[in-house]
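Keep the sequence and the 3D view open as you read.

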Amino acid sequence: MIESNVAVKLTPSKNQLAKTASNVHKFGGSSLATTACIERVIEIISQHCQLNDIVVVSANGDTTDALFNLYQLAVEFVESVNEQQENPIQGHDNELVKSFRQSLDAALAELQSLQASLISSLLNVGSAVKLTAMLSADIALIAEQLVTCPRAFQNDLLAFGEVWSARLLAAVLSERVCPSYTVDARDFLLLADEKSCAIDYNQSKKQFLAYQQPGKLVVVTGYIARDLQQNTCTLGRNGSDYSATIMSALVGARNVTLWTDVDGIYSADPRVVPQARKLHRLPNAVANELGRLGNPVLHEKTLQPLTHHNSHLHVASSFAPEVSGTEIGKFGQIAKQELSVTHLNDLILAHSVSLQGLSGQKAAEEFSPVCYNLTEGYLVITQAQQKALSQWLASQGNQVSFTPVAIIAVVGYQVAKQGDMRARFKRALRHQRTLHFVQAENKHSYIAVLPEPCTSEWLNNIHADMTKDARNIGLVVAGIGNIGQRFLAMLPKQLARLSVLENVHLVALVGATKALINTDGIDVNHAITRYQQQAKAYESAELVEWLNNHPYDELIVVDITPSEDFSELYQQFFSQGIHVIGANKWAASSPTENYQQLLSTAKQHNSLWLGNTTVGAGLPINATIAELINSGDVITEISGIFSGTLSWLFQYYDGETPFSSLLSDALTQGLTEPDPREDLSGRDVQRKLLILARMAGFELSLADIGCQSLVPEVLRDIPLAEFFQRTNELDELFLQRLNRAKAQQCGIRYVARFANENGKISAKVSLEELANDDAFTQLTPCDNVFQIKSEWYQENPLIIRGPGAGRDVTAGGIHADLVTICQQLNHRKQQVKLKGIN
């Protein structure tokens with residue numbers, strides 16, 4: 001409780017809001033149920049709202065249910081005592097009346113206590129006293145109305161939950177966050193048609209504008225409105241969600257966020273189907289169809305106000321506001337590929353000759369059935385519509401039959417036009433008896449009418465059959481150099497050839513200073529052209545923010561950069577569950593503490609990290625070491641020639657051509673780094689040896705690996721241009737070393753060696769003199785060779801040899817990693833975690 005006895009009010013200039021966008025935010029009952037829940041809501045509003053936003057609230061927790069129980073208690077008593085008397089309780093001073101009053105008083109006291117507890121725990125004394133007095137007056141009015149005319153008071157009674165919730169939240173916001181005020185929706189929201197809950201938008205907008213207070217945040221009651229006779233009305237199921245989208249239409253808000261206890265819309269009811277997938281983005285048409293066919297979060301009515309209004313609807317969890325939810329709006333092809341399965345039980349199949357042809361069309365327009373067939377003469381409606389349809393058909397003079405049914409449907413954008421979708425759905429239904437199989441007129445669903453309720457087992461099985469290939473994987477390629485371009489050139493063929501890559505979508509290209517990000521996908525056949533034409537300058541923070549809020553089931557970053565700065569983003573990637581394929585050596589060879597932290601973060605967040613091309617380009621050295629370790633083998637030695645550049649130089653160097661000339665040739669052919677000292681320093685080989693040792697299970701750092709630089713100290717720190725002018729100073733040094741080796745019938749090679757002898761570790765990279773028949777001297781120029789000794793490969797070491805550099809082999813190795821990651825992701829089963837009320 002806040003220690004103050006003065007009602008605190010913040011001024012417009014002193015507010016704690018973080019955002020500057022015009023939005024509508026709706027908080028459901030579970031989001032406002034307890035003090036802890038409301039504290040979370042306050043934090044969400046602080047971070048996501050601004051003064052001209054609108055907050056719409058439901059009643060706190062189960063308040064509306066408690067109010068309805070009070071109403072039922074009063075109605076049952078009044079009607080049981082004397083239905084004929086205008087004021088039945090007066091004059092009945094008997095035990096039955098006393099029992100009723102005791103029950104009513106106890107229920108009211110409990111309701112008042114719960115509300116008062118929220119007030120006292122969230123507000124300072126001054127504000128709490130004011131709201132508690134208003135609450136007491138409301139409770140007294142409820143008690144009076146329930147003992148006089150409960151039926152006439154029903155909607156007014158149910159409205160108190162939203163009024164209390166809005167009043168409390170506005171008071172807390174005014175104390176802690178920003179100037180806020182409450183508006184009762186009944187003061188401005190007018191229903192043009194109570195039956196359909198259609199809104200008189202012109203009049204409602206005009207009246208709402210009169211209540212707006214500039215420089216303050218408004219909290220509006222959800223769920224309630226007034227009809228043309230000025231009577232209180234409720235908006236029915238999902239009424240507060242409907243209120244939020246109505247408000248969006250009234251003020252032209254860009255976004256509406258429904259904060260609830262589930263962090264988005266799923267491919268099936270997550271309470272029934274644990275393996276349901278979050279649908280990160282839904283086209284408006286698909287969302288409407290889901291709402292029409294029984295989605296537990298969406299409701300058709302909620303989406304109506306957005307039909308002619310360019311606003312995006314978001315569904316997010318107030319229990320996990322940091323988790324990206326679901327966005328509903330206008331999207332491209334990736335979002336349009338989403339599939340979901342929904343169901344409805346407790347339906348009625350009405351069959352009659354009168355439901356054929358023109359007469360049936362009129363019935364369909366009148367009752368908006370779940371599905372229908374005017375040729376066969378049937379409609380599928382809710383049980384609540386049965387009586388009205390029966391009366392409507394009575395004038396036709398034809399018989400009608402009513403049969404209890406259920407439906408199960410597969411929903412997706414223009415799903416009826418998607419190749420074999422009809423056949424797939426029928427195959428999935430092969431073990432269930434169906435009465436009818438219907439294609440929705442809008443082509444966004446196939447609907448099966450079932451003769452019995454849809455069980456959770458059926459729903460899970462059909463969901464698994466229909467959505468097993470629906471996972472969307474976003475692909476980000478960082479590094480648009482030679483290898484990056486080759487990787488992209490190979491990508492279209494790979495996507496078309498391999499089914500495991502079927503749902504991989506190229507969504508971002510990142511260069512050193514520019515990036516192209518397209519949430520709806522980048523055409524893989526023209527990726528480089530699109531990048532050249534459309535890429536924009538970016539900052540790392542902007543890139544990370546987008547990656548953290550990506551709308552895909554999985555995101556894979558392919559790092560083909562040589563950048564240490566980019567590798568430092570891995571920690572943030574892993575903390576968001578993003579997967580990394582790294583040809584970049586920096587992260588894998590970073591200081592031990594950082595490297596272990598990366599591994600720990602990746603494991604904690606189920607991120608995959610592959611880097612087979614960090615060493616050996618496309619050669620499977622990393623994977624081979626991993627397989628040996630996984631099989632139970634123990635590696636004792638790793639050695640070889642790990643640099644394609646140094647392999648080429650020393651394979652060709654025979655003393656006849658000066659070493660400086662050979663180095664110049666290698667630079668011209670693109671075999672060295674732009675600054676050849678990077679290759680000659682041995683640091684690249686040192687990092688590769690560290691990476692392999694770590695893969696083998698040893699905890700090393702770069703400092704543990706001796707590194708012989710082939711660059712004389714006098715040439716190491718001079719400008720590059722000066723270095724090129726003085727490369728002839730290398731000639732005599734290398735000629736002396738070569739002649740010494742030749743005298744012993746040897747050659748010179750730059751070799752990496754790691755050994756573990758009885759727990760004593762030694763590691764170094766250096767120029768060695770090797771016999772001419774040594775495996776390390778018998779290489780094709782540019783080849784790498786890796787020799788592994790282990791408990792199982794001791795006398796006859798395991799050798800892997802081949803090109804250790806090159807665009808094709810390196811890009812191919814990265815593609816191999818991409819396939820491996822996608823295969824692992826396809827086997828993952830992620831269960832939905834529903835948030836409860838704390």
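In this predicted model, the side chains of Glu678 and Arg683 meet in a salt bridge, 3.2 Å from N to O. A salt bridge here is a side-chain nitrogen of Lys or Arg within 4 Å of a carboxyl oxygen of Asp or Glu. Glu678 counts as partly exposed because its relative accessibility is 38%. Arg683, at 42%, is also partly exposed. (Buried means under 20% relative accessible area, exposed over 50%, and partly exposed in between, with a 1.4 Å probe and protein chains only.)

- The whole structure holds 22 salt bridges.
- Arg753 and Glu768 form one of them, at 2.8 Å from N to O.
- Arg753 lies in strand E28 (residues 746-757) and Glu768 in strand E29 (residues 760-771), so the pair ties together parts that are 15 residues apart in sequence. Helices (H or I, at least four residues) and strands (E, at least two) are DSSP runs, numbered from the N terminus.
- Arg753 is partly exposed at 29%, whereas Glu768 is buried at 14%.
- Glu338 and Arg277 also meet in a salt bridge, 3.2 Å from N to O. Both Glu338 and Arg277 are buried.

**The sheet**
- Eight strands form an open sheet in the order E3-E6-E2-E1-E9-E11-E12-E10, with mixed pairing. Two strands pair if DSSP finds at least two bridges between them.
- Strand E3 (180-183) and strand E10 (281-283) stand at the edges with a single partner each, so one side of each has no neighbour in the sheet.
- E3 runs parallel to strand E6 (residues 217-221), joined by 4 bridges.
- Tyr181 stands opposite Val218 in E6.

**Nonpolar cores**
- The largest nonpolar core has 105 residues, and Ile142 and Leu169 have the most contacts inside it. Such a core is a set of buried Ala, Val, Leu, Ile, Met, Phe, Trp, Tyr and Cys residues joined through side-chain atoms within 4.5 Å.
- Helix H5 gives the most to this core, with 12 residues.
- A second, separate core of 50 residues includes Ile625 and Phe723.

**Confidence and conventions**
- The average pLDDT is 89, and 94% of the residues score at least 70. pLDDT is the predictor's confidence in each residue, from 0 to 100.
- Over residues 1-9, pLDDT stays under 50. Where pLDDT is low, the predicted coordinates should not be read in detail.
- Local features need pLDDT of at least 70, side-chain atom pairs count only at pLDDT 80 or more, and totals for chains, interfaces and linings use all residues. Residues are numbered from 1 along each chain as its sequence is written, and side-chain values use heavy atoms, leaving out hydrogens and water.

Notes. Contact = heavy atoms within 4.5 Å.
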